[in-house]
Amino acid sequence: MDAFTAGLLHRIRTTESDLTRARDEGDDFLVEVEQAELDDLRRLAAEHGVEVGAISVV
């Protein structure tokens, strides 16, 4: 796995964790921010052929 792929998957996992935390805390604004970030990261992964697969929790 190259550095780009590893970094992207790490950012996705971190953002998913932050999204879960925001939901658990009831922070609707932060949920929207984290969801938008996650959507952007997933789009970037798809554009570059990076398989996200089973790491997604959303």
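Predicted model: local features only at pLDDT ≥ 70, side-chain atom pairs only at ≥ 80, totals over all residues.
In helix H2, the buried residues are Val31, Glu34, Leu38, Leu41 and Ala45. Viewed down the H2 axis, these buried residues fall within an arc of 100°, so they line one face of the helix.

What sits on the face of H2 turned away from the buried side? That face carries exposed residues: Asp28, Phe29, Glu32, Ala46 and Glu47.

Now the length of the helix. H2 covers residues 28–47, which is 20 residues, and at 1.5 Å a residue it should span 28 Å. Its end C-alpha atoms are 29 Å apart, which agrees. After H2 comes glycine 49, with a positive phi near 70°.

Next, the partner. The buried residues of H2 pack against H1. Take leucine 41: leaving aside neighbours within four places in sequence, it is in contact with Leu8, Arg11, Ile12 and Thr15.

Is threonine 15 buried or exposed? Its relative accessibility is 7%, and the cut-off for buried is under 20%, so threonine 15 counts as buried. With the neighbours within four places in sequence again set aside, threonine 15 is in contact with Glu34, Glu37, Leu38 and Leu41.

Last, the core. The largest nonpolar core has 11 residues: Leu8, Leu9, Ile12, Leu19, Ala22, Val31, Leu38, Leu41, Ala45, Val50 and Val52. H1 and H2 are the elements that give two or more residues to this core. H1 gives the most, with five residues.

Terms used: Residues numbered from 1 in each chain as written. Heavy atoms only, no water. Buried < 20%, exposed > 50% of the residue type's maximum accessible area, 1.4 Å probe, protein only. Contact = heavy atoms within 4.5 Å. Helix = DSSP H or I, 4+ residues; strand = E, 2+ residues; numbered from the N terminus. Expected span 1.5 Å × (residues − 1). Arc of directions from axis to C-beta. Core = buried A, V, L, I, M, F, W, Y, C linked by side-chain atoms within 4.5 Å.
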